[in-house]
Amino acid sequence: MTSEDLRYPIGKFETPTTITTAQIAGWIEAIATFPARLANEVQLLTEEQLDTPYRPDGWTIRQVVHHCADSHMNSFIRLKLAITENEPTIKPFDESKWAELADAKTMSIAPSLQMIEGIHERWTVALKNLTEEQYNCKFIHPDHENKIRLDEYIGMYAWHSNHHLAHITSTKRRNNWK
């Protein structure tokens, strides 16, 4: 397995040329089910296993779980900004620096699992109630200097959920953990 395979176990996200309502529904389902799928994969891991990096020089499983809480919290806020403001410029965050903070490196994952559950419950209701017009709402990401449409963003975060879940499942598989 190459370092690229370890870093992107499901490949990189590619925006489809055309985004269908069926794709959006599937992406929303991936977001909706992520908390349970994540909890199922990490619930029986030991502290030592949680502190195992998913790849050389990568985050630990503990950091991945906390990152998902941080990232998905920001994503939910970005969704709300995009549907309530006209092409807002969002505030990015330095995910690498956040992952090095004490809460991400040492805390129990239980609070982040609770956050993810609550955020995803609200996020799913918001996503399922978007109108066709709202799918076309955009926000501006200043790091990339581009406008991101919400339908594309939903796909990106379905991928993001599955991407980080694959970091955990592939680590478990490589180490023969149950």
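Trainee: At what angle do helix H4 and helix H7 pack, and how far apart are their axes?

Mentor: In this predicted model, helix H4, which spans residues 61–84, packs with helix H7, residues 110–128, at an angle of about 25°, and their axes lie 9 Å apart.

Trainee: Why are H4 and H7 called roughly parallel to each other?

Mentor: Angles under 35 degrees count as roughly parallel, and the angle here is about 25°, so H4 and H7 are roughly parallel to each other. Their crossing, moreover, is left-handed.

Trainee: Which residues make the contact?

Mentor: On the H4 side they include Val65, Ala69, Met73, Phe76 and Leu79, while among those of H7 are Leu113, Ile116, Ile119, Trp123 and Leu127. By class, the contact of H4 with H7 has 13 nonpolar, 5 polar and 2 charged residues.

Trainee: How many cavities of 30 Å³ or more does the structure hold, and which residues line the largest cavity?

Mentor: The structure holds 1 cavity of 30 Å³ or more, and about 30 Å³ of space lies in the largest cavity. Its lining is formed by Ser75, Leu79, Trp123, Leu127, Leu150, Tyr153 and Ile154.

Notes: Residues numbered from 1 in each chain as written. Predicted model: local features only at pLDDT ≥ 70, side-chain atom pairs only at ≥ 80, totals over all residues. Heavy atoms only, no water. Axes fitted to C-alpha atoms, helices over the stretch in contact; angles between N-to-C directions. Helix = DSSP H or I, 4+ residues; strand = E, 2+ residues; numbered from the N terminus. Parallel < 35°, antiparallel > 145°, perpendicular 65-115°, else oblique. Left-handed = near helix turned anticlockwise from the far one by under 90°. Contact = heavy atoms within 4.5 Å. Nonpolar A, V, L, I, M, F, W, Y, C, P; charged D, E, K, R; others polar. 1 Å grid on protein atoms, 1.4 Å probe; cavity = no way out; pocket = protein on both sides within 12 Å on 5 of 7 lines; lining within 4 Å. Points joined across faces, edges and corners; volume = space filled by probe spheres on them.
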